[in-house]
Amino acid sequence: MGIKLNLKVMVFLQFFIWGAWLVTFGSYMINTLGFTGSEVGIVYSSKGLAAVIMPSLIGIIADRWVKANRLYGILHLLGAVALFTAAHVSDPNLMFWVMLFNAMVYMPTMALSNTISYSSLEKIGLDAAKDFPSIRVFGTVGFIFALWLISLLGLELSNVQLYIAAGASVLLSLQSLTLPDCPTSKVKKNKSWVSMLGLDAFVLFKKKKMAIFFLFAMLLGASLQITNTFGNPFLHDFAKNPEFTDSLVVKYPAILSSIAQFSEVFFILAIPSFLRRFGIKKVMLISMIAWTLRFSFFAFGDPSPFGFTLLLLSMIVYGCAFDFFNISGAIFVEKEVDSSIRASAQGLFMTMVNGVGAYVGSILSGKVVDYFTVDGVKDWKTIWLIFGSYTLVLAFVFAISFRYKHDHEEMKQVTASH
């Protein structure tokens, strides 16, 4: 019980750090520092750049030379320095480099936290597949708690959010000293660097079906980054309308955004039944339609009673948009790829979504926001409708180009194992 509690604290802090700034940082840069949409997009693109290569490199170091729990603590300590530094930066170019360094040390810790959890559970004779989900849910709790804390304290437009994240990073670095040791692996020392970096999975691009899948994974990864970057700044802009100054949407936009995380929990639980009934292709299509609804609800939403309902619906469908593709996509990879390169293929899938897709989404969405900004006023309705049209076109092209036959019995077996 002691080890499980320790792991829950670790996972809670892991996602608390992210939740303290990820959603609200864009609003701070736009409203407090006066950054343009493109400048904010470039800063957020740092996460995508770091996600392309850093998790694999750090994974190699943890496998070969440094115990995962020790490396985990070092990275979070470096992250604390980066976040503390970012709180003092007001230049967009310097902010990009500081946040790139932060992303380079933070992104690998997400995989390391899984490694530490699996290793620790196995040491005490527990089944990781069975016991880890009850630990991982504390990550969602930590993310939501951070959002509520930053919002209720009125820090969404303040650099104090970065100080809080830095403080939590220091705390997690210290807590890592109490985690069980994760020995380096002798087996993986014999693997080639190509395999360790997951590059052997690129052979999958020779198969048309897999190439199409990875392409759409990247394009939908861009959609996720759009809302991460500009969802909160959009809600803060309602403060410029005197009619909405005292609305809850303007006062606590991050709390409204946290409903999306609650929604995720529900849709994650719904995925197995949806997959069994509709199959992987239709579940992915549902995800794309949900992204279209997410952006469309944003386009017509506002703090008025009817408009607030639309904003609320936008948060609810986010869970479907995000999880239906990510999780069904991971199951698709597991089902279609040979076991010898399955881990590399899953890494490639995540790289396309959180790496390449996130980078492209950050850069292009920033340019779209700037294009529809006149004298500091953003035409959010047009901006969100463009993003909604983008995902609608994706859904249409995906429906035509992605060929996949649903096997009800086989999917029943696959989802049962999840």
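**Reading burial, helices and contacts**

Q: Is Leu174 buried or exposed?
A: Over 50% relative accessible area means exposed. Leu174 has 52% relative accessibility, so it counts as exposed. Keep in mind that this is a predicted model.

Q: Where is Leu174 found?
A: It sits in helix α7, which runs over residues 160-175.

Q: Which residues form a nonpolar patch on the surface?
A: Leu174 belongs to that patch, together with Leu77, Val170 and Leu177. The four share about 370 Å² of accessible area.

Q: How many residues does helix α15 have, and what span should they give?
A: Count 1.5 Å a residue. Helix α15 takes in residues 380-401, which is 22 residues, so it should span 32 Å. Its end C-alpha atoms lie 31 Å apart, which agrees.

Q: Which residues of α15 are buried?
A: Look for residues under 20% relative accessible area. In α15 the buried ones are Trp380, Ile383, Trp384, Phe387, Gly388, Thr391, Leu394, Ala395 and Phe398.

Q: Which exposed residues does the face of α15 turned away from its buried side carry?
A: That face carries Val393 and Phe396.

Q: How many aromatic pairs does a search of the whole structure find?
A: The search finds 35. Take Phe25 and Tyr44: their ring centres are 6.4 Å apart and their planes meet at 45°, so this pair is tilted. Phe25 is in helix α2 (residues 25-32) and Tyr44 in helix α3 (residues 37-64), so the pair ties together parts 19 residues apart in sequence.

Q: Are Phe25 and Tyr44 buried or exposed?
A: Phe25 has 1% relative accessibility and counts as buried. Tyr44 is buried too, with a relative accessible area of 3%.
A second tilted pair joins Phe298 and Trp384, with 4.8 Å from centre to centre and 50° between the planes. This pair links distant parts of the chain. Phe298 lies in helix α12 (residues 280-300), Trp384 in helix α15, and 86 residues separate them. Both Phe298 and Trp384 are buried.

Q: Which residues do ring pairs link into a cluster?
A: The cluster includes Phe298 and Trp384.

Q: How many salt bridges does the count come to?
A: The cut-off is a side-chain nitrogen of Lys or Arg within 4 Å of a carboxyl oxygen of Asp or Glu. The count comes to three. One joins Lys209 to Glu336, whose closest N and O atoms are 3.0 Å apart. It links distant parts of the chain: Lys209 is in helix α9 (residues 208-236), Glu336 in helix α13 (residues 305-336), 127 residues apart. Lys209 is partly exposed, at 27% relative accessible area.

Q: Which residues are linked in a network of salt bridges?
A: They are Lys209, Lys335 and Glu336. The side chains of Glu336 and Lys335 meet at 3.8 Å, N to O. Lys335 is partly exposed, with a relative accessible area of 22%.

Q: What do the side chains of Asp237 and Lys240 meet in?
A: They form a salt bridge, at 3.4 Å from N to O. Asp237 counts as buried at 12% relative accessibility, whereas Lys240 counts as exposed at 55%.

How values were computed:
Residues are numbered from 1 along each chain as its sequence is written. This is a predicted model: local features need pLDDT of at least 70, side-chain atom pairs count only at pLDDT 80 or more; totals for chains, interfaces and linings use all residues. Side-chain values use heavy atoms; hydrogens and water are left out. Patches are made of residues with over 30% relative accessible area and no salt bridge: like charges are joined within 9 Å, nonpolar side chains (Val, Leu, Ile, Met, Phe, Trp, Tyr) within 5 Å. Accessible areas come from the Shrake-Rupley method with a 1.4 Å probe; for residues, only the protein chains shown count as cover. Helices (H or I, at least four residues) and strands (E, at least two) are DSSP runs, numbered from the N terminus. Buried means under 20% relative accessible area, exposed over 50%, partly exposed in between (1.4 Å probe, protein chains only). The expected span of a helix is 1.5 Å times one less than its number of residues. Rings of Phe, Tyr and Trp (its six-membered ring) pair if their centres lie within 6.5 Å; planes under 30 degrees apart count as stacked, over 60 as edge-to-face and the rest as tilted.
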